[in-house]
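User: Hi! I am new to reading protein structures. Could you walk me through some features step by step?

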Amino acid sequence: MNKQIDRKSALMSVEQIIKETTDNSSWKLSVAQRAFEWDKLRVINLIDSLLRGFPIGSILVMDSKDSYYNIDGSKRFREEQEAPSGYEYTHIIDGQQRCLAIKSAFNGEGYVDKDDGLTKHLFINISMDNKGVKEFNEKINQRYYYHWSARSNINNLNDADRKQEKFMPRSPVNGWVAFKDMVSMVQGKLSLKQLQKSSALDEIDEIVMGNISNSIKYALTANTIPVHFLNDDHKDLEDIFHVFIRINTGGLPLSGVDVFFTGIKKEWHDAEEHLAPIVNNESLLTRSSAIICLARCAAKSLDKPFDPVNVQLQHIRYDEKDGSYPLVLKMRELTPIDKDTPFIEAVRWASKVARQHLYFAAGKINHFYLMTVIAWAFQYRKGKELPAVDDMTFIQPIISYLFWVSIFGSKTHGKGRFDRETLSVAWNAGTKGEIFPYDDEKMQEYCFDYARVKYSRPLEPYPDKLSIDPDKLPDKKNDLQYKNSINILNLASSNENMPIILSIFQGVKHKTIDLDHLNAYNYARNKFRIKGNNFHMNYVGLLNYIGNFSIIDARANRVFQDKPPTHKFNSAEGCEETYFNKKFIKTEHCVSESEMSTCFEIERLLEAREQETGGELLRTFIEDRSLRIWNSVLKIVGYPDYLLKTL
């Protein structure tokens, strides 16, 4: 504790905040606090606010002899620390995210990127102001150009490196300096010449640099950040948790899960550390979904079981007989540190099954769907070893369940009843040592017996062909083949389903992928222009169907998206921006030779202004390719038996 600080509310500068959070006797984190969760954009917005003199809200602290967490933004899970006997530290009750954001930039500690695990430092551009500022736009509303990078120098990068760096559009090529170096220069620890040399600068705008320097100096030294100290009446740990919850629910930055887990940590201080076995690279669960899944499985395991689908504080039930909290105790029991349990094994196994058989789609599946599989595996493992991940007798029902409830949106239509009932059926089957109960009549009912599902399901799930041209039908409203084709295409081409279906079709395993039109949307749309803003909309509308898409590496998508097919499939040596560049494109596009030729012919016809002929060939291409994708995926996932029986 810094005895020099008045224990009353005060205004502090950035330098004071850094000092209070880095000294040996620095502020600590209250055990009520969640992990550091801000993304890079939120950190940039806070730094930009400080440079522009905007208020950033207050920080709430109090002196306490209770246990604490050390301030560290690089760790997802923290180890509880005990204060020396009789020693008081200042605990941050609210404001951790802001303090760590300030330290990441102004103190040069960097930001640990959750996607790749790299520590990235903030760069600011001193060659120009941001001309693309858009009012009321969170992503494009900074006065200066900012960029996070793990490189020591980001000036004059080649095109490939800039794509990999994911620079914002129209960002400067030169004039970048590490923000921490600018701070050092303002503090007199680094000269301008040293700054230029370390950054290999070619461009400096003296006005821009002067404005940034003055803004940094003001932020460092001006007392503008309110810090409020709780008085002695609020030193009870229970009060700390209530204060944290009430502050954070007032402005809604906390989710319901965070509020619930804050209450859990009141009785289980090292709960964050216990989450590590189920929130890691082997698990598909996020921190929030892991907490919900753990709470549900723990609650179902109690002597008086219940299912807290939507976790709330009142679910932390007090047992008056022995003064314990059964749910908290059971959650701790299921997730010991450095030791496997059937629950931990179930999370790891279910994640592995989904990744191996659904590829990238595993990461797109709603976690509530996965919880049902985890619940089955948890109960099954209590009696038997979990089956091999390639034992299709056990795996096929799980794959079919995960895929089809995702495609039909069963949770959306069934809401809480779907969540509770599917987990209950799976739990009971696992307890009996049976295979996952996908074919169970009740399970099929809870998954698919909804009006919206019945309306959207294909009338014939395995068609011989698709026909999506209503103009060629005598009665399109009653033509079953047309209805069937439209239902398949609507299911396959929705924004939620398309990445799932295409990733299974292409075997995509990468995290950073995107969708690309084989016949570029903007390119082809303009070719269907009649005059002015009039288009052949019947053909333009076809461009968004799944048959016209492929999954490629996200870094290439922005380059490809408006290019015609002859550019995308350029096999000439040295051409980087092509599907055939194996060093650049990380996914197999699965476009056949005949499909490629058709794309080229469509392009030729559109260039020749033969719009009707080109449009009809585009329709045929979409029908044929969509059917190939649909049937290929169905060979892997099968089709719901319940729906087949009721067709």
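Analyst: Happy to! A salt bridge is counted when a side-chain nitrogen of Lys or Arg is within 4 Å of a carboxyl oxygen of Asp or Glu. Keep in mind that this is a predicted model.

User: How many salt bridges does that rule give here?

Analyst: The count comes to 24 salt bridges. The general idea is that side chains of opposite charge can pair when their charged atoms come close. Here is one case: Lys40 pairs with Asp113, and their closest N and O atoms are 2.8 Å apart. Lys40 belongs to helix H2 (residues 40-51), while Asp113 sits in the loop between strand E5 (111-112) and strand E6 (119-125), so this pair ties together parts that are 73 residues apart in sequence.

User: Are these two partners buried or exposed?

Analyst: To read that, we use relative accessible area: buried means under 20%, exposed means over 50%, and partly exposed is in between. Lys40 has 24% relative accessibility, so it counts as partly exposed. Asp113, at 5%, counts as buried.

User: What about the pair Asp161 and Arg151?

Analyst: Their side chains meet in a salt bridge with an N to O distance of 3.5 Å. Asp161 lies in helix H4 (residues 159-165) and Arg151 in the loop between strand E7 (146-149) and H4, so the parts tied together are ten residues apart in sequence. As for cover, Asp161 is partly exposed at 22%, and Arg151 is partly exposed at 28%.

User: Which residue does Arg287 meet in a salt bridge?

Analyst: Arg287 meets Glu272, at 2.5 Å from N to O. This pair links distant parts of the chain, with Arg287 in helix H11 (residues 287-300) and Glu272 in helix H10 (residues 271-275), 15 residues apart. Both Arg287 and Glu272 are buried. Salt bridges can also share partners: Lys40, Asp113 and Lys120 are joined into one network that way.

User: Now the strands, please. Which strands does E4 pair with?

Analyst: Strand E2 (residues 28-29) is joined to E4 by two bridges, and the two run parallel. In this pairing, Lys28 has His91 of E4 as its bridge partner. Strand E3 (residues 59-64) is joined to E4 by five bridges, and here the strands run antiparallel. Leu60, for example, has Asp94 of E4 as its bridge partner. Strand E4 itself (residues 89-94) is mostly covered, with six of its six residues buried.

User: Why is helix H3 described as largely enclosed?

Analyst: Again, look at the cover of each residue. In helix H3 (residues 96-106), eleven of the eleven residues are buried, so the helix is largely enclosed by the rest of the structure. Among them are Arg98, Cys99, Leu100 and Phe106. Just after H3, Gly108 takes a positive phi of about 70°.

User: And where on the surface does negative charge gather?

Analyst: Glu434, Asp439, Asp440, Glu441 and Asp641 form a patch of negative charge on the surface. One of these, Asp439, is found in the loop between helix H16 (410-431) and helix H17 (441-448).

User: One last thing: how far apart are Arg604 and Gly614?

Analyst: There are two ways to answer! Along the sequence, Arg604 and Gly614 are ten residues apart, and in space their C-alpha atoms are 8.2 Å apart. Arg604 is found in helix H25 (residues 593-607), and its relative accessible area of 44% makes it partly exposed.

Conventions:
Residues numbered from 1 in each chain as written. Predicted model: local features only at pLDDT ≥ 70, side-chain atom pairs only at ≥ 80, totals over all residues. Heavy atoms only, no water. Patch = residues over 30% accessible without salt bridge, like charges linked within 9 Å, V, L, I, M, F, W, Y side chains within 5 Å. Areas by Shrake-Rupley, 256 points an atom, 1.4 Å probe, with all protein chains shown as cover. Lys, Arg positive; Asp, Glu negative; His and termini not counted. Charge placed at Lys NZ, Arg CZ, Asp CG, Glu CD. Helix = DSSP H or I, 4+ residues; strand = E, 2+ residues; numbered from the N terminus. Buried < 20%, exposed > 50% of the residue type's maximum accessible area, 1.4 Å probe, protein only. Pairing = 2+ DSSP bridges.
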